[in-house]
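Work through the exercises below with the sequence and the model open. Each is followed by its solution.

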Amino acid sequence: KHPPLPPGPPAAPIIGHLLKIPQDNQEMVFYEWSKQYGGVMHLHVPGRSMIILNSTQAAVDLLDKRSANYSDRPNFVILKMMGWVPTLTFIGYGKRFQKHRRLLQQYFSSSKVESYRHIQVQEARRLLQKLLGTPEDHNNHMSRLSAAIIMQIAYGHQIVKDDDPYIQIAKDTGYALSSCGPPGSTPVDLLPFLQYMPSWFPGTYYANQARKLHHIIRRLHEYPFDAVKKQMAEGIAKPSYLSYQLEQLHREAVDTHEVEVDDIQGTAGVIYCAGADTTWSTMSIFLLAMVLHPECQIKAQKEIDAVIGSGRLPEFEDRPSMPYVEACLQESYRWHNAVPMGVPHRSLEDDIYNGMFIPKGSIMVANTRGMSLDENVYLEPTKFNPTRYLPKPLGNAEPLPIAQFGFGRRICPGRHLADASLWIAIASILAMFNISKAIGEDGQPITPDVAFISGLTSHPKPYRCAIKPRSKLAESLINETNTSDTY
Ligand code: HEM
């Protein structure tokens with residue numbers, strides 16, 4: 001005796017949509033289905049309902065406004081097999097979730113992240129020097145920028161060499177996260193008994209992957225943790241999230257055992273894994289857009305020149321004066337997504353939304369990609385067009401994207417940090433470099449494919465481009481910048 005379920009494609013008896021849900025490119029398939037079935041869709045797989053949200057409004061109405069009901073997580077069988085425990089992203093709603101969120105929110109609130117600006121500025125300057133020296137290595141340099149900022153904040157570790165083990169860990173983690181299938185909806189997640197089947201058994205591919213990648217995730221948690229503990233014992237640890245929390249633990253140990261060592265290890269690990277890879281991917285999406293859209297680049301550079309001239313590099317204080325550069329960042333979030341289907345939530349109680357029944361225990365997928373391409377909100381949504389956000393008559397006054405950082409009580413706690421790291425890096429690159437297509441051996445410009453490697457996170461496939469200083473003055477400005485780099 002309840003209203004109908006949300007609409008969805010026809011289902012087979014018993015197995016429902018199990019065989020219809022694709023393993024690759026799910027976000028795009030769900031988006032295509034939404035054109036027929038609407039912004040709130042229902043899929044049925046044995047033992048559970050999946051609700052796919054392709055409309056930002058529905059995601060806000062349910063995941064934000066009714067977040068008490070929609071902040072649990074499904075059981076991520078594959079991710080747990082990989083060793084992601086105890087990691088906030090995958091912990092269910094409850095006491096431990098609240099404890100981990102509290103630990104992280106204190107450290108990454110919008111006001112607190114302002115105190116990390118000097119690290120972000122320094123790393124953005126280093127990125128410029130790296131791009132000047134070896135522009136063909138742009139992907140590594142962007143990965144390094146993201147990892148270096150996170151490393152200093154989380155572990156007090158400054159990356160000084162390209163073969164730094166932390167960079168390798170960040171890269172390995174990126175690889176692991178994009179090789180583990182769609183989050184919460186691989187065959188093993190949908191039919192957990194498959195995890196116990198031998199590797200030749202159909203549907204066990206991701207369970208085998210998880211076993212293979214387990215050592216990467218353990219190393220991510222253990223290596224930095226052991227290093228900081230050792231430094232603390234020797235009295236040489238730099239201030240960081242980890243050293244701060246371990247000191248607190250030591251101080252409060254007598255009074256309360258609320259926070260335990262593995263809470264600290266887990267939260268430090270999640271900063272690293274959730275922060276470095278996603279920031280890097282968004283940087284890479286931005287650069288790809290600049291290769292393909294020189295007209296946007298020129299517009300952004302004109303704005304930067306008008307605000308800061310050509311004698312200095314951008315600072316955070318310039319941000320409010322550069323609405324078009326801001327729009328380029330926002331469009332990079334929307335045009336392609338570092339986390340294309342978000343991280344699924346789970347509902348705790350039965351609910352009714354717009355006359356549709358959402359059963360208790362439903363897996364709620366906020367399809368960021370679908371929301372980014374929603375033609376009811378964005379004109380020509382596949383086009384990279386920052387102007388769309390500018391007020392009329394300059395632009396089309398379209399709403400800024402919000403889905404990229406998720407929703408409700410699960411919204412990304414690192415969003416203020418990520419946004420600031422990306423802004424300073426993007427503004428600095430645009431101020432100093434021209435980005436264009438690389439020239440192939442045949443003398444012709446190479447147009448990079450807009451192609452992605454996708455799992456929980458999504459990365460542009462490696463692409464070539466040319467990155468050249470805008471002028472001799474820009475070149476000397478980059479060279480003269482003191483980054484106290486030792487290599
Ligand atoms: C551009 C960069 C980033 C993107 C696109 C991104 C995106 C996301 C998304 C979509 C979620 C899932 C939200 C939900 O379930 O509704 C998430 C969760 C999370 N993010 Fe980020 N993130 C980024 C950077 C960061 C950074 C820098 C940190 C750490 C400082 C971080 C830490 C986390 C954590 C801990 C969670 C889990 C939250 C929870 O389950 O309660 N992220 N992020």
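**Exercise 1.** In this predicted model, compare the span of helix α4 (residues 95-108) with the expected one, then determine how the buried residues of α4 are arranged about its axis.

*Solution.* Start with the length: α4 has 14 residues and reaches 20 Å from its first C-alpha to its last, close to the 20 Å expected at 1.5 Å a residue. Next, list the buried positions, which are His100, Leu103, Leu104, Tyr107 and Phe108. Viewed down the axis of α4, these buried residues fall within an arc of 115°, so they line one face of the helix. An α-helix has 3.6 residues a turn, so residues three or four places apart point the same way. Finally, turn to the other side of α4, where Lys95, Gln98 and Gln105 are exposed.

**Exercise 2.** Classify the packing of helix α13 (residues 294-308) against helix α16 (residues 415-432).

*Solution.* The two axes come within 9 Å and cross at roughly 90°. Angles of 65 to 115 degrees count as roughly perpendicular, and α13 and α16 therefore belong to that class. From α13, the contact draws on Gln297, Ala300, Gln301, Ile304 and Ile308; α16 supplies Ala427, Leu430 and Ala431. Sorted by class, the contact has 6 nonpolar, 2 polar and no charged residues.

**Exercise 3.** Locate tyrosine 70 and decide whether it is buried or exposed.

*Solution.* Tyrosine 70 lies in the loop between α2 (56-64) and α3 (77-82). Burial requires 20 or more other C-beta atoms within 10 Å; tyrosine 70 has 27 and is therefore buried. Beyond its neighbours within four places in sequence, tyrosine 70 is in contact with Leu62, Leu63, His345, Ser347, Met364 and Gly408. Proline 344 is 274 residues from tyrosine 70 in sequence, yet their C-alpha atoms are 9.8 Å apart.

Technical notes: Residues are numbered from 1 along each chain as its sequence is written. This is a predicted model: local features need pLDDT of at least 70, side-chain atom pairs count only at pLDDT 80 or more; totals for chains, interfaces and linings use all residues. Axes are lines fitted to C-alpha atoms, for helices over the stretch in contact, and angles run from 0 to 180 degrees between N-to-C directions. Helices (H or I, at least four residues) and strands (E, at least two) are DSSP runs, numbered from the N terminus. Angles under 35 degrees count as roughly parallel, over 145 as roughly antiparallel, 65 to 115 as roughly perpendicular and the rest as oblique. Two residues are in contact if their C-beta atoms, placed from the backbone, lie within 7 Å. Ala, Val, Leu, Ile, Met, Phe, Trp, Tyr, Cys and Pro count as nonpolar, Asp, Glu, Lys and Arg as charged, and the others, Gly among them, as polar. The expected span of a helix is 1.5 Å times one less than its number of residues. A residue is buried if 20 or more other C-beta atoms lie within 10 Å of its own, exposed if 12 or fewer, and partly exposed in between; C-beta atoms are placed from the backbone. The arc is that of the directions from the helix axis to the C-beta atoms.
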